[in-house]
Amino acid sequence: MHVCMIAYTFYEGDNRVMRYAEALAARGDHVDVIAVAKESQPKYEVLNGVRVFRIQMRKKNEKHPLTHLIRLLMFLVRASILVAAKHVRHRYNIVHVHSVPDFLVFAALVPRFTGACVILDIHDLLPELYADKFKVSPSSRTFRALRIVERVSAASADHVIAPNHIWREKLVQRSVEASKCSVFMNYPDPSVFSLRERSRRDNKVVLMYPGSLNWHQGLDLAIRAFAINAKLFPTSEFHIYGEGPERENLVQLAAELDLRDRVLFHAPLPLREIAIITENSDLGIIPKRNDGFGDEAFSTKSLEFMMLAVPIIIADTRVDKLYFNTDIVTFFRSGDIADLASCMRRLMEDKLLRMEQAAKALVFVKSYSWDSKKNDYMALVDRLTARVSGADVVPAGEAHF
């Protein structure tokens, strides 16, 4: 089978795209991925059997909607041309398009109209994400227009994947038929996030956050909470791995709180490298705000921390309370700096408590690993391509759980 994946993301740092692509390649499928590049990265390389084409440079520094849109449209045009050219030479059976943005699905129009099956994988709901990033009201024309884009994009795909059950419900209500929408959460891949022997041998307590530096992620709250405890735990450090529009503000905040040497900012790393660093941390911090977007956006960081036996403190957002309980995570009241500081203090001073929580979470997360869900994705892909080719359809079972 010939498969193409399209994603406006850095391939080696995106768990969702990488795990799908590597799983298909491992079973013998020919997989092309069209993505973006960082400086000094090659335009083409083969990674674990996956052919990666990087067609555009990307910096996550968009502060104006127009800048963001222009970059997305440039990627759409380039991806459309490349996909069409490759499809002419060797027909793709399936094109798996990763959103955001939803309209990237139109890069698959040529394959779609010539027999290929198209999956639209919605990582984040675009209207809600845009409203959060650029402070747009849900009643605005832009928000309503993005909902129309979502609906048209979903109609242009044979199947739509939602990242959690709350967002599947929203998509079914406004944009897609229930029969063509499944949930595949951002399950961690055990081949990447597997327990190894910790290499750290110091007496520090290291808190960690890996991910995008956006306002809804609440990193400013976490830095302020860490500052409250800094004198009580003089060997503690807070390591932040990532980039995004809030980075400069966060660096400045750490400096203002006299934490330059305690709150350490690092560039984002490929998944396999960040997994090793994560395992050597003592406490994972996921301080999301429970606004419209953050309240419903599931963070795969939580499952990755669990896979590596790292206890986590997480905001009591709607989506996280849907999946987790107080046995496996420590909830704090979202937006409450004092409560977050209290949770930090309790876990930082009690190593046994951290170990107990991590052990329970490790048992829980086994049912949420990619190993336990991979066959459901394969069944979905095979069912869709069999339907297009006219072959007998193999039931996909409970592919959306």
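Author: We take strands, a helix, a loop residue and salt bridges in turn. This is a predicted model, where local features need pLDDT of at least 70, side-chain atom pairs count only at pLDDT 80 or more, and totals for chains, interfaces and linings use all residues. Residues are numbered from 1 along each chain as its sequence is written, and side-chain values use heavy atoms, with hydrogens and water left out.

Reader: How do I read paired strands, and which strands pair with S13?

Author: Strands (E, at least two residues) and helices (H or I, at least four) are DSSP runs, numbered from the N terminus. Two strands pair if DSSP finds at least two bridges between them. Here S12 (residues 283–286) runs parallel to S13, joined by three bridges. Glycine 284 sits opposite isoleucine 312 of S13. S13 also pairs with S14 (residues 330–332), again parallel, over three bridges. There, phenylalanine 331 of S14 is the bridge partner of isoleucine 314.

Reader: Are the faces of S13 buried or exposed?

Author: Buried means under 20% relative accessible area, exposed over 50%, and partly exposed in between (1.4 Å probe, protein chains only). Both faces of S13 (residues 312–315) are covered. Ile312 and Ile314 are buried on one side, Ile313 and Ala315 on the other.

Reader: What handedness does the crossover from S12 to S13 have?

Author: Point the strands away from you. A crossover is right-handed if the path from the first strand over the helix to the second runs clockwise. The chain goes from S12 through helix H10 (residues 300–307) to S13, and this β-α-β crossover is right-handed. S13, helix H11 (residues 318–323) and S14 also form a right-handed β-α-β unit.

Reader: Now a helix. What span does H12 reach?

Author: The expected span is 1.5 Å times one less than the number of residues. H12 (residues 337–349) has 13 residues and reaches 18 Å from first C-alpha to last, close to the 18 Å expected. Its buried residues include Asp339, Leu340 and Cys343. Aspartate 336 caps its N-terminal end, with a side-chain oxygen 3.2 Å from the backbone nitrogen of alanine 338.

Reader: Which residues does asparagine 186 contact?

Author: Contact means heavy atoms within 4.5 Å. Leaving aside neighbours within four places in sequence, asparagine 186 touches Asn15, Arg16, Arg19, Thr300 and Leu303. It lies in the loop between strand S8 (181–183) and strand S9 (205–210). Asparagine 186 counts as buried because its relative accessibility is 8%.

Reader: Which side chains make polar contacts with the side chain of asparagine 186?

Author: A polar contact is a pair of N or O atoms within 3.5 Å; within protein, one must be able to donate a hydrogen and the other to accept it, and residues adjacent in sequence count only if both atoms are side-chain atoms. The partners include the side chains of asparagine 15 at 2.9 Å and arginine 19 at 2.8 Å.

Reader: How many salt bridges does the structure hold?

Author: A salt bridge puts a side-chain nitrogen of Lys or Arg within 4 Å of a carboxyl oxygen of Asp or Glu. The structure holds 21. In one of them, glutamate 22 meets arginine 272, with the closest N and O atoms 3.1 Å apart. That pair links helix H1 (residues 15–26) to helix H9 (residues 271–279), 250 residues apart. Glutamate 22 is buried at 12%, while arginine 272 is partly exposed at 32%.
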